[in-house]
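Work through the exercises below with the sequence and the coordinates at hand. A worked solution follows each task.

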Amino acid sequence: MSPELLLATEAGKRVASPEGPPTAFDIQGLTVSYGPKPAVFSVDMGAPEGSMTAIVGPNGAGKSTLLKAALGLQPCLSGRAYAFGAPVAAMRDRIAYVPQRTSVDWDFPTRVIDVVEMGLYRQVGLLGRFRATHRKAAEAALDRVGMTDFATRQIGQLSGGQQQRVFLARALAQDADLYLLDEPFAGVDAATEKAIIAVLKGLKAENKTVVAVHHDLSTVPEYFDRVVLLNVRKIAEGPVAETFTGANLQATYGGRLAARDLSGLALAV
Amino acid sequence: MFLDALFLGLGYNASLVTLGATALGVAAGVTGTFLYLRKRSLVADAISHATLPGIALAFLAAVALGLDARNLPLLLAGSAVSAGAGLLAVQWLAVQTRLSEDAAIGAVLSVFFGFGVVLLTLIQTLDVGGQAGLEDFLLGSTAGMVRSEALLVAAGGLLALLAVVLLRRPMLMGAFDPAYAAAQGINLNRTDIAMMGLVMAVTVVGLKIVGLILIVALLIIPPVAARFWSDRADRVIVMSGAMGGAAGWIGAALSASAADLPTGPVIVLVAFAMFAVSFFLAPGRGLLAAAIRRATFRNKVHLRQGLLALAHDQPIYEALTLRLLARRNWVRADGVATEAGQVASSRARLDEERWGIVRSDPSFELAAARYDGLTPIEAVLTEDQIAEIDLALPKPEPL
C-alpha cells in the first residue's frame, strides 16, 4: 500500500486532513489472541509526525501487546502496522523501541556504555568496525539522559530509574524518527521521570514522533498531546484536549474509576 | 614428565592430542559463553547425548555398505545428524507442547541415549570388526589419535570460532534483550538455531577427545568460571576461550605424563579446578571478596553509628563497635571518647546534619537519593554546594 493510498483510506481520516502532518505510525485492524478471547481486538490507531501519543488503559487492556505485535515481536491474528507509510519490517532503521525494564536480566555481564552501543549494532553491521563516531554517538546519547558518570558501571548496579534511562539512551543512539516506549515511567524515581519527559519533549521539538504506553492518568495532559484509550478495543483516540474526557475514561476503565479518581485530573470538557 | 608434556616434549601422538584438545577447549569455551548468556546451557547436554544413536547407525550403515567402519568423518556425520534430530525434538517439545524446556531436555536426552546404548549393545553381537572403538565415544579416547583426526578437530574448532566472530553481535543482543533485538530486525529464531548449530559442531568435534558424556562440561564450566572475573561480555567470552584452551592443554599434558590417565575426564577436572579458583578467589564476585566486602561494610556501619553515639553523648555497650573505636584510639578502655574521637564524632555529626538539610530540600532531590547513612556528603556535592548548605545549619559548631 503506497503512502498516498493510506491517506485516502480510513487512516487518512484520523489525521486532521490529507494536508496535515503525514502519519509516522499507523496500526490498522490489529488483533492479537492467545485463546478464544482476544488480548487486542481490531485496533486502528495512528500517530502524526511530531506528535506525542499516550496509549492508556487498565491493566490487561493489551497496551504493551499492541506495541509488541505492531513491531512484529508477537504474532497477531490479523492487521498491519506501518511506519512512515511502509510496513514496519521495512522501516526498522527509523524505529527505536524501548521495552519494559523488567524484560531483561540485569545481572548480564555488560556495562552501561555497552548497552547504549547496542543501539548502533544495526548501523555497524555484522562485521563492521566500531568507529570513533559510533562511540561518540553512544556517549552523546548517554549524556542526553544524564548518565555519563555511570558509563562504565555494570548495569546491575543501577537503580530502576537509571536502568530506564540507559534503555532510553540506547534508543536515542539509534537516531530514529519514531520512538515506541513501553511503560517508560513505571517504577522510576521522580528525578528520572523528569529527565525522561524532558528528553521526549526534546524529540518532539525535533519533529520526531513519540508513542508511549502510559499508566499514570494524572500526567497524561501534562506530558502528551494525543491519547489513545484502549481496553482490548480502542475506545477513543485524538488530541488530549478533546479526547481525555471523563466519559471516555469511564468507558475505557469499565466504570471502575470512582468519581474521586477523576476529580484530580485535568480532563477535557 | 609433566613439564615435558606441557611443552610438547612427549612425542608426536601426545603433541597432536594436546594441540587438538586445546583447539577444542577454546572453541567450546567461546561457544559455551553464548549458550550460558542465553541461559540455555543444558540444551548442550541434550545435544551431546543425542549423538550416540547417530554414531551407532553410521557404523551400521558403513558395515552394510562395505566401508571401513572406523571412518571418523562418517561416524561424526552420523552423530551430527542425530544430534540435530535431538535438538529439533527439544525445540518442538518446548514450543509446540506444554512441556517446559527442562522437561523436554530430560526426555530427549534419556530417550536418545537409551536408544544409542541399545544399538551399541546390538553392534557388539555382530560378527564384524571395528566395533570395539565405538564405546570410546562415550568418554573419549585419545590413544592412537592420528594426524587427520587432530586436524579435523582443529578445523572444526576454527570454523566454530569464525562463526562466532560473525554472529557475536546478534547473539549478544538476543541474549541480553530479546525484545529489543527483535525490534531491531534480528531474527531470534535463526540466531538461536545458528548458536545451537555451533554447539553441535563443537560437540561432534569433541567426541573423539572428551566424549559425549563430558563434552557438556567444557561448554559450561569455562564460561561460568570466566563470569567471576569480568562484568563485560566481550571479556567473559575471551577469558572463557582462554580457560577452555588452557584446560585442554594442561589436561592433555597431565594425562600424557602418567599411564592410564583418561584424557577427557582429566581435562574436565582441570577446568573444574579453574572454576574452583575463580569461585573462591575472583575479585568482585568471588566468595572471599564477598566475605571481605561484607566485613568491611559491617565495620563501617558500626563505626559510623558509634561515632554518632559519641557525638550525642550516648553510652555504647556493643562490643564490636567499642573494639572498632578503640582500635582507632577514638575511645579509651572505659568507653570515653579521646580527643581524636571527639573530632571524628563531631565530623560525623556535621555530615549527618548536612545530609538532613539535603534530604529535606527538594532542589537536592538527586543528591538526596544517594543518602545511605555512610556516604560522606563530600562524595556527592561540591564544596560550593556544601558551603551553601552550611548556611542552613542550625548553629555553626566549631569542629
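Helices are DSSP runs of H or I with at least four residues, numbered from the N terminus. The model is predicted.

**Exercise 1.** Describe the salt bridge of Arg170(A) and Asp177(B): its distance, the elements it joins and the burial of each partner.

Solution. 
- Step 1. The N to O distance between the side chains of Arg170(A) and Asp177(B) is 2.8 Å.
- Step 2. This pair crosses between chains: Arg170(A) belongs to helix α7 (residues 160-173) of chain A, and Asp177(B) to the loop between α8 (147-176) and α9 (178-183) of chain B.
- Step 3. Arg170(A) has a relative accessible area of 0% and is therefore buried. Asp177(B), at 1%, is buried too.
- Step 4. Elsewhere, salt bridges with shared partners connect Arg94(A), Asp175(A), Asp177(A) and Lys208(A) in one network.

**Exercise 2.** Do the corresponding analysis for Asp105(A) and Lys39(B).

Solution. 
- Step 1. A salt bridge joins the two side chains, at 2.6 Å from N to O.
- Step 2. The pair again runs between chains: Asp105(A) is in the loop between β6 (95-98) and α4 (112-118) of chain A, while Lys39(B) is in the loop between α2 (12-37) and α3 (43-49) of chain B.
- Step 3. Asp105(A) has a relative accessible area of 30%, so Asp105(A) is partly exposed. For Lys39(B) the value is 53%, so Lys39(B) is exposed.

**Exercise 3.** How many residues apart are Arg144(A) and Glu206(A), and which parts of chain A does their salt bridge link?

Solution. 
- Step 1. The closest N and O atoms of Arg144(A) and Glu206(A) are 2.9 Å apart.
- Step 2. The partners are 62 residues apart and link distant parts of the chain, with Arg144(A) in helix α6 (residues 132-144) and Glu206(A) in the loop between α8 (190-205) and β8 (209-214).
- Step 3. Arg144(A) is partly exposed at 38% relative accessibility, and Glu206(A) is partly exposed at 42%.
- Step 4. Over all chains, the whole structure holds 25 salt bridges.

**Exercise 4.** Which residues form the positive surface patch, and which elements give two or more of them?

Solution. 
- Step 1. The patch consists of Arg294(B), Arg298(B), Arg323(B), Arg327(B) and Arg328(B).
- Step 2. Two or more residues come from each of α14 (287-311) and α15 (319-327) of chain B.
- Step 3. Take Arg294(B), which lies in helix α14 of chain B. Its relative accessibility is 63%, so Arg294(B) counts as exposed.

**Exercise 5.** Summarise chain A as a whole.

Solution. 
- Step 1. Chain A contains 12 helices and 10 strands.
- Step 2. Of its 269 residues, 56% count as buried.
- Step 3. Among contacts in chain A between residues at least 6 apart in sequence, 68% are between residues at least 24 apart.
- Step 4. Its accessible surface is about 11,300 Å², and carbon and sulfur atoms account for 52% of that.

Key: Residues are numbered from 1 along each chain as its sequence is written. Chains are lettered from A and ligands numbered from 1 in the order in which they are written. This is a predicted model: local features need pLDDT of at least 70, side-chain atom pairs count only at pLDDT 80 or more; totals for chains, interfaces and linings use all residues. Side-chain values use heavy atoms; hydrogens and water are left out. Buried means under 20% relative accessible area, exposed over 50%, partly exposed in between (1.4 Å probe, protein chains only). Contact means heavy atoms within 4.5 Å. Accessible areas come from the Shrake-Rupley method with a 1.4 Å probe; for residues, only the protein chains shown count as cover. Patches are made of residues with over 30% relative accessible area and no salt bridge: like charges are joined within 9 Å, nonpolar side chains (Val, Leu, Ile, Met, Phe, Trp, Tyr) within 5 Å. A salt bridge is a side-chain nitrogen of Lys or Arg within 4 Å of a carboxyl oxygen of Asp or Glu. Lys and Arg count as positive and Asp and Glu as negative; His and the chain ends are not counted. The place of a charge is taken as NZ of Lys, CZ of Arg, CG of Asp or CD of Glu.
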